[in-house]
Amino acid sequence: MQQVKKVVLAYSGGLDTSVILKWLMETYHCEVITLTADLGQPEDLSGVEEKALKTGASKAYVLDLREEMARNFVFPMMRGAARYEGRYLLGTSIARPLIAKALVDIARKEGADAVAHGATGKGNDQVRFELSVAALAPDIKVIAPWREWELMSRTALTAFAEKHGIPISSGAKRYSMDANMLHTSFEGSELEDPGNAPDASCHERCVPVEQAPDTPEIVSVDFERGNPVAVNGEKLSPAALIKTLADMAGRNGIGRDDMVENRFVGMKCRGVYENPAGTLLFALHRDLEGICMDRELLGIRDMLAVRYSQCVYNGFWYSPEREAMQAFMDKSQETVTGTVRAKLYKGGVWPLCRTSPYSLFSEDLATFEGGDYDHKDAAGFIRLNSLRLRLHAAVQGKLGK
């Protein structure tokens, strides 16, 4: 075991990371500094610093990273139209490189020689954290207790906590959950069997569709170069905008997804995700692109979006390929400026109208009421495009097909 003197721990204040804090001190005989990231999650973080210090941390940082997350991580990802496997809006994935960056920043500031996280050896988060640290600070050691210790059950963790006087919640959580400004994810319990429907308690950010209002809600969102900047005409900071849209979409039952996905580590997993703001923004952003982006540019962007989404999901945010794709994504968004108005109703988002100063839509060309378009021009266009098809048919005829 490599000796370390000072470790910065990604700390939530829950059972796992509280046990990890004490375990690190006992196992590595080191000083432990905790870092708790405020990413807009619903949890109350007011007592987390005190708990960390009482458990043995020498220092406890609680950092407000909401605006940084929205501006430098969520918005670039949205400009890239990222959806893993066509559905998952990457709510957990996009937070990990930011937390890793904060861990490295505090480690540098405090002279720590290691960082630690509470991700298990089964999931994607261990990969995301450690690839990010490797890219940002390859000289810093990463400690992953779940791959080292023998505490492999909640019973064992609880017993360790009781032995060391670590206060724990009296009620067991039904699900393994992750939350930030974008989403809440639910895994475990009945969800471990894809044949089971989610329990009614599996809601946090989005009301059940049956309980959503019976009257549609109308919203307009302004975009500049692919980034949302205002809601209903009111300019908002990136984090405030996401919070506003999350509340709006959530109360209309928008943003839930129940899916089986392919983890980077190789296994399939089932999760329920609530991502109200991301679902709404994805729909409106895509709608605005319809009038602002050239057809071929949009097609190439959509092809790259698949690879870009894999980079985010798999933990390669700080990779040369993601950064190169980001440059393309940002270039493609230069004209994605305008306003989309939409109807929110019973879990659905229906764009109603869209306007842009850079619109490629020509009413003169599209109208059924005349205009300057010469219908005769289409004959030559079709003749040339059918040339290869006619030649192919002739060859097939020689083959007797």
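1. **Lining of the largest cavity.** The residues that line the largest cavity divide into 7 nonpolar, 2 polar and no charged. Here Ala, Val, Leu, Ile, Met, Phe, Trp, Tyr, Cys and Pro count as nonpolar, Asp, Glu, Lys and Arg as charged, and the others, Gly among them, as polar. The lining consists of Met 77, Met 78, Ala 81, Ala 82, Leu 89, Gly 278, Leu 281, Phe 282 and His 285. Two elements give two or more residues each to this lining: α3 (66-79) and α8 (276-292). The largest share, 4 residues, comes from α8.

2. **What you are looking at.** This is a predicted model: local features need pLDDT of at least 70, side-chain atom pairs count only at pLDDT 80 or more, and totals for chains, interfaces and linings use all residues. Residues are numbered from 1 along each chain as its sequence is written, and side-chain values use heavy atoms, with hydrogens and water left out.

3. **Overall layout.** The chain has 13 helices and 14 strands. These are DSSP runs, numbered from the N terminus: helices are H or I with at least four residues, strands are E with at least two. The C-alpha trace spans about 85 × 55 × 45 Å along its principal axes. Of the 401 residues in the chain, 47% are buried. Buried means under 20% relative accessible area, exposed over 50%, and partly exposed in between, with a 1.4 Å probe and protein chains only.

4. **Cavity volume.** How many cavities of 30 Å³ or more does the structure hold? The count is 1. The largest cavity has a volume of about 90 Å³. On a 1 Å grid over the protein atoms alone, a cavity is a set of points where a 1.4 Å probe fits but cannot get out; a pocket is an open set with protein on both sides within 12 Å along at least five of seven lines; lining residues have an atom within 4 Å of a point. Grid points are joined across faces, edges and corners, and a volume is the space filled by probe spheres set on the points.

5. **Second largest pocket.** This pocket has a volume of about 270 Å³. It is lined by 13 residues, and the closest to its centre are Gly 40, Gln 41, Met 181, Arg 205 and Lys 243. Helix α7 (residues 238-251) gives the largest share of the lining, 5 residues. By class, the lining has 6 nonpolar, 2 polar and 5 charged residues.

6. **Cysteines.** A disulfide is a covalent bond between the sulfur atoms of two cysteines. The cut-off used here is a pair of cysteine sulfur atoms within 2.5 Å. A search of the whole structure finds 0 disulfides. For Cys 269, the nearest cysteine sulfur is that of Cys 202, 14 Å away. Cys 269 counts as buried, at 9% relative accessibility. For Cys 292, the nearest cysteine sulfur is that of Cys 353, 13 Å away. Cys 292 is buried too, with a relative accessible area of 3%.

7. **A stacked pair.** The structure holds 9 aromatic pairs. Rings of Phe, Tyr and Trp (its six-membered ring) pair if their centres lie within 6.5 Å; planes under 30 degrees apart count as stacked, over 60 as edge-to-face and the rest as tilted. Phe 73 and Trp 317 are stacked, at 5.5 Å centre to centre and 25° between the planes. This pair links distant parts of the chain, 244 residues apart: Phe 73 is in helix α3, and Trp 317 is in the loop between α9 (295-314) and α10 (320-332). Both Phe 73 and Trp 317 are buried.

8. **An edge-to-face pair.** Phe 264 and Phe 316 pair edge-to-face, at 6.1 Å centre to centre and 75° between the planes. Phe 264 is in the loop between β11 (256-262) and β12 (268-274), and Phe 316 is in the loop between α9 and α10, 52 residues apart. Phe 316 is partly exposed at 29%.

9. **A cluster and two charges.** Ring pairs link Trp 23, Tyr 28, Trp 146 and Trp 149 into a cluster. The charged end of Arg 322 sits over the ring of Trp 317, 3.7 Å from its centre. The charged end of Arg 128 sits over the ring of Tyr 313, 4.8 Å from its centre. The test is that NZ of Lys or CZ of Arg is within 6 Å of the ring centre and within 35 degrees of the ring normal.
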